[in-house]
Amino acid sequence: MTRFPNTACLMMTAATAALLTLPAHAEMSDGKIKIGVLNDQTGVYSALGGTGSLEAAKMAAEEFGGKIGDTPIEVVGADHQNKADIGSNIARQWYDRDQVDAIMDLTTSSVALAVQAISVEKKKITMITGGGTTELTGKACSPYGFHWAYDTHALAVSTGGALVEAGGDSWFFLTADYAFGYSLEENTTKTVDAKGGKVLGTVRFPIGATDYSAFLLQAQASGAKVVGLASAGMDTQNQIKQAAEFGITAGGQNLAGLLLMITDVHGLGLEAAQGLYLTESYYWDRNDASREFAAKYEARTGAKPSMVQAATYSAARQYLKAVEAAGTDETEAVAAKLHEMPVQDAFAENGKVQANGRMVSDVYLMQVKTPAESTGEWDLAKIISTTPGDVAYLPAAESGCPLVK
């Protein structure tokens, strides 16, 4: 006599097998997916990130229809005032009370380092687009930390390397007195040395300074062919304006804005900025995808996006794609997806995330146009050369990240 399996047992077995194939924790915590954009919204770096980064992250959320499945996406913002203690307090409040799942932008490297450390403790994701120090994916790397837009190594290789090769073989640095400035000076010094150049001196200034006369006079007296501005935002803009007043470029020295963005060029005007070199990983007029995103962003904000703002859009979009792919906002699962998934959007083509959290994509050396070359308000630069991401960024194995085996 043939015995048939019990139907109830078969159903239980099938149900168990189906459950085992579902992703672990296949649910969204707190009934929402919440992204926090934490940056400088009122100070010297507000134009390059600020509320523009917040709007960029909201644009990414809107591409998903404001939700993943039935779970709503929420984007919030706050001003850390370029102070690590304020940024840390906001991050703790967001994690402990406000149910934020991931923090993005984090302009100012000292704030980014502090918040990334808290995020390790709280087991939360950071996606840094505004901070630049290589420490973020080096000795201070995090299993949940991702560095998205640029870093000081890429800036040094592209801008610094190009200027030395063009004959700028002696340098003097004006360096912002915090982690980003130190890292940018250190990385550019290595590039200058490696190409046979020499650093003649350096001077450090506090963030948000307004009078650079004493620093610029030291740079002028050094006789260096290149005055390297290891700074960003309004600090760099003010240095360039005051350098012109002291006749530094008229006297034969060249200025190197080591982190100069399109927003800075727009603020300076082409008359003052023409001929300067800059390195960015995004320029709005590079291709059809970048132009399409820039047009939507400008319609919303009244300006073209900076590299940081476009990168914040990209980071938020990739984070949401990772949540969608994982079927959960649980940190370990989302971090794993972020490491696996290629980055293909208006910001980056064929981007990839290294084991240390560094997102690698091409960077572009650009030169500011003359007023005669420009055809419009935001037609500010031309791309001179492209540095492949694998050349611009340190390999993970050489980064000093203790997570990399």
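Which side chain meets that of D390 in a salt bridge? In this predicted model, the partner is K352, whose side chain approaches D390 with an N to O distance of 3.2 Å.

**View 1. The salt bridge and polar contacts between domain 1 and domain 2.** One salt bridge is counted between domain 1 and domain 2, together with five residue pairs in polar contact, in which both residues have pLDDT 80 or more. On the side of domain 1 that touches domain 2, α4 (109–122) and α12 (307–326) each supply at least two residues, and α4 gives the most, with three residues.

**View 2. The two domains and the contact between them.** Domain 1 comprises residues 33–150 and 286–361, whereas domain 2 comprises residues 153–280 and 365–390. Their centres, taken over C-alpha atoms, are separated by 26 Å, and the contact draws 23 residues from domain 1 and 21 residues from domain 2. About 1,800 Å² is buried between domain 1 and domain 2, with 71% of this area on carbon and sulfur atoms.

**View 3. The open sheet β11-β14-β15.** Three strands, in the order β11-β14-β15, make up an open sheet with antiparallel pairing. Because β11 (277–280) and β15 (381–387) stand at the edges with a single partner strand each, one side of each is left without a neighbour in the sheet. Neighbouring strands of this sheet are turned against each other by 30 degrees on average, direction ignored.

**View 4. The pairing of β11 with β14, and helix α5.** β11 and β14 (residues 363–368) pair in the antiparallel sense over four bridges, and L278 has M366 in β14 as its bridge partner. Helix α5 (residues 152–165) lies across β11, β14 and β15, and runs at about 155 degrees to β11.

Note on methods: Residues are numbered from 1 along each chain as its sequence is written. This is a predicted model: local features need pLDDT of at least 70, side-chain atom pairs count only at pLDDT 80 or more; totals for chains, interfaces and linings use all residues. Side-chain values use heavy atoms; hydrogens and water are left out. Two strands pair if DSSP finds at least two bridges between them. Axes are lines fitted to C-alpha atoms, for helices over the stretch in contact, and angles run from 0 to 180 degrees between N-to-C directions. Contact means heavy atoms within 4.5 Å. Domain bounds come from an automatic or database domain assignment. Buried area is the accessible area (1.4 Å probe) that two parts lose on being put together, summed over both. A salt bridge is a side-chain nitrogen of Lys or Arg within 4 Å of a carboxyl oxygen of Asp or Glu. A polar contact is a pair of N or O atoms within 3.5 Å; within protein, one must be able to donate a hydrogen and the other to accept it, and residues adjacent in sequence count only if both atoms are side-chain atoms.
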